[in-house]
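Dear colleague,

Please find the structure below, together with its sequence. A short account of the findings follows.

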Amino acid sequence: MTPNSLSKPVLIVSWACQLTAAAILLMTVPFKLSGAPETVKLFEILGAEPVGRIGSGVMELVSGVLLLIPRTAWLGAILAAGTLFGAIMSHLFVLGIVVTDPATGQPVPGLEGLFPLACVA
């Protein structure tokens, strides 16, 4: 279906979903690409620092931008789904819902809300 063939309410809901997903993806990009301590710790726990952090940051940036362009929104959705599937699986099988530091057993500050955001996006 093309955007012109959608009814106005469906088009509005479609754009609201795209904007929400793009916002969630794009708001984590600065933290991942700048090497914020929380994200570095998360990817150290996964054993994927720095390649995993930078790679996922780039994928989130690209998919978030593609979601905002009507002709490429489908590709952005596919990339975002793959990226978020990886994030959700990492939380379910490695990190846990609340990310804890293996050295201290304490929750890593600043990472409390990541799992719900990945599920929403």
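Ser63 is found in helix H3; helices (H or I, at least four residues) and strands (E, at least two) are DSSP runs, numbered from the N terminus. Please note that this is a predicted model, in which local features need pLDDT of at least 70 and side-chain atom pairs count only at pLDDT 80 or more, while totals for chains, interfaces and linings use all residues. Residues are numbered from 1 along each chain as its sequence is written, and side-chain values use heavy atoms, with hydrogens and water left out.

Ser63 has a relative accessible area of 0% and is therefore buried (under 20% relative accessible area; exposed is over 50%, partly exposed in between, with a 1.4 Å probe and protein chains only). Apart from neighbours within four places in sequence, Ser63 is in contact with Leu25, Gly76, Leu79 and Ala80, where contact means heavy atoms within 4.5 Å. A polar atom of the Ser63 side chain lies 3.3 Å from the backbone oxygen of Glu60.

Two of these partners, Leu25 and Ala80, also belong to the largest nonpolar core, whose six residues are Ala21, Ala22, Leu25, Leu67, Ala80 and Leu84. Such a core is a set of buried Ala, Val, Leu, Ile, Met, Phe, Trp, Tyr and Cys residues joined through side-chain atoms within 4.5 Å. Helix H1 (8–34) and helix H4 (73–95) each give two or more residues to this core, and the largest share, three residues, comes from H1.

Finally, the peptide bond from Glu49 to Pro50 is cis, with omega near 0°. Pro50 lies in the loop between helix H2 (37–46) and helix H3 (51–67).

Conventions:
Polar contact = N/O pair within 3.5 Å; in protein donor to acceptor, adjacent residues only side chain to side chain.
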